[in-house]
Each structure stands twice: as C-alpha cells, then as structure tokens.
Amino acid sequence: MSDTPGKGLVLVVEDERPIADLVRLYLARDGFGVHVEHDGTAGLAAARRLRPVACILDIALPGMEGTEIVRRLRADGDWTPVIFLTARDDEVDRILGLEMGGDDYVTKPFSPRELVTRVKTLLRRASGSPDEGKRVRTLGPVTLDPGRRQVTVDGAPLSLTPTEFDLLGHLLGRPGRVFTREELLASVWGYASAAGTRTVDVHVAQVRAKLGDAASLIRTVRGVGYTADA
C-alpha cells in the first residue's frame, strides 16, 4: 500500500504486474494512496475491507473477473466509483462492464496520466464540484438534490452510481433540451470521443431501468440524443 494517501485510497486490481506498478506510481505521484491486488478474489476482499475512494479493475482477472467484483459490490449497496481496464477491443466486453455498475473504462494500452485524470474526474463528480449548481431539480415524480447527491422517485430514495447521478442531473438541469451523445459524453464524462458514445446509451439504459415507471421521463430523440421531459 502506498503511504501517500492524501487524496484517499485507490484500489487497483490488475494481474499484469508491470501495469499495476505503473498505475500505482502515477496515482501515488498525484497524492493518492494505492493498494494493489493481482487476482479477483483478493480484490473483492480488499474492496470490502479497505473501503477505497475508487477502484481500478482489470476485466480479465484470475479467480474472479472485474465485472463480478463490481456486481457483488453493487449487490452489497457499495457504489464506489469504478474504472475498468480491458485489453479486449470488443465493445461487448466494455458494455457488459458498464451494465454491471462500472462508471468508465480504459482500453489497453493506455496513458497512465489519462487514467489518473479519469479517476479525479470520477471523484470530483462523486463529491460534487465546488461550483456545481446546488438547485434541487424536480421533474414529474423524480427529485434530484445535487448538494446531497440524492435522488428520489415519489419520495423513495434511488441508488445511482456517480456517473448515473450526473447524467440524470445533466438532463434534469434543462428539461426539454435535447443533448447529443457527444455533448453528454463531454459534459458528464469529461472527454469526447465518437467511439465512446455507446457508453452514453448504456448509462441511459441503466438510469431508465432504475427509474422504473418514471423511465419515460428520459426520451430518445432518434438520430440526435436524449432529453428529459414530462
């Protein structure tokens, strides 16, 4: 474990030791504490024991895949931000990871600086940036409180990942306004890439699934993107 945990502890579960060491180095340089495991079973145990501020998980791990780690954490009610690492250039693998509750993914080979930036972006969203609008947003039965990072549907609390929360908040911030996938990717995820727009679709689907009967508030505008409208 790194002894420089000024920004909180990040759990890295990666079986390729050179990659794990490189990620540890760059995170530590940026002021994060780092704990590394090299197989999925130990990674899940560490996540439950250490309560990290974020997890970086390889998808293909010995013992237990990264997607299974996240599935079990989410089943426990643990919504720690997660970034998946994958060497597979197969969209199915990426989408599966996101559907299991991941917040973002990075394909190998990757820039360790970009990975650290992604971690910081996730944590900033999870805690709420200082200049973030604190106005409570209500549309139909859905109420989103940015200050408390809480969402309710007909008064019942709704559990969302940090990315799902910010996606819903962005849509509710301007009801009726149609956002393209590229706009949502840039505003919510903090980067723009045509290859990443499928990520937006998956997260919208996840938010809709959690909204239940209120899912119709998020409409697809064919060939353009999404809007929130009562």
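**Helix packing in the predicted model**

The axes of helix 2 (residues 40-50) and helix 3 (residues 66-75) come within 9 Å of each other and cross at roughly 30 degrees, where axes are lines fitted to C-alpha atoms, for helices over the stretch in contact, and angles run from 0 to 180 degrees between N-to-C directions. Helix 2 is therefore roughly parallel to helix 3, a term applied to angles under 35 degrees. The contact, meaning heavy atoms within 4.5 Å, is made by Gly40, Leu44, Ala47 and Arg48 of helix 2 together with Ile69, Arg72 and Leu73 of helix 3.

This is a predicted model, in which local features need pLDDT of at least 70 and side-chain atom pairs count only at pLDDT 80 or more, whereas totals for chains, interfaces and linings use all residues. Residues are numbered from 1 along each chain as its sequence is written, and side-chain values use heavy atoms, with hydrogens and water left out.

Helix 6 (residues 162-173) and helix 7 (residues 181-189) pack at an angle of about 120 degrees, with their axes 10 Å apart, which makes helix 6 oblique to helix 7. Their contact is formed by Thr163, Asp166, Leu167, His170 and Leu171 of helix 6 and by Leu184, Ser187, Val188 and Trp189 of helix 7.

The protein as a whole contains eight helices and twelve strands, assigned as DSSP runs (helices H or I, at least four residues; strands E, at least two) and numbered from the N terminus. Of its 230 residues, 53% are buried, that is, under 20% relative accessible area with a 1.4 Å probe, protein chains only. Among contacts between residues at least 6 apart in sequence, 60% join residues at least 24 apart.

How values were computed. Parallel < 35°, antiparallel > 145°, perpendicular 65-115°, else oblique. Buried < 20%, exposed > 50% of the residue type's maximum accessible area, 1.4 Å probe, protein only.
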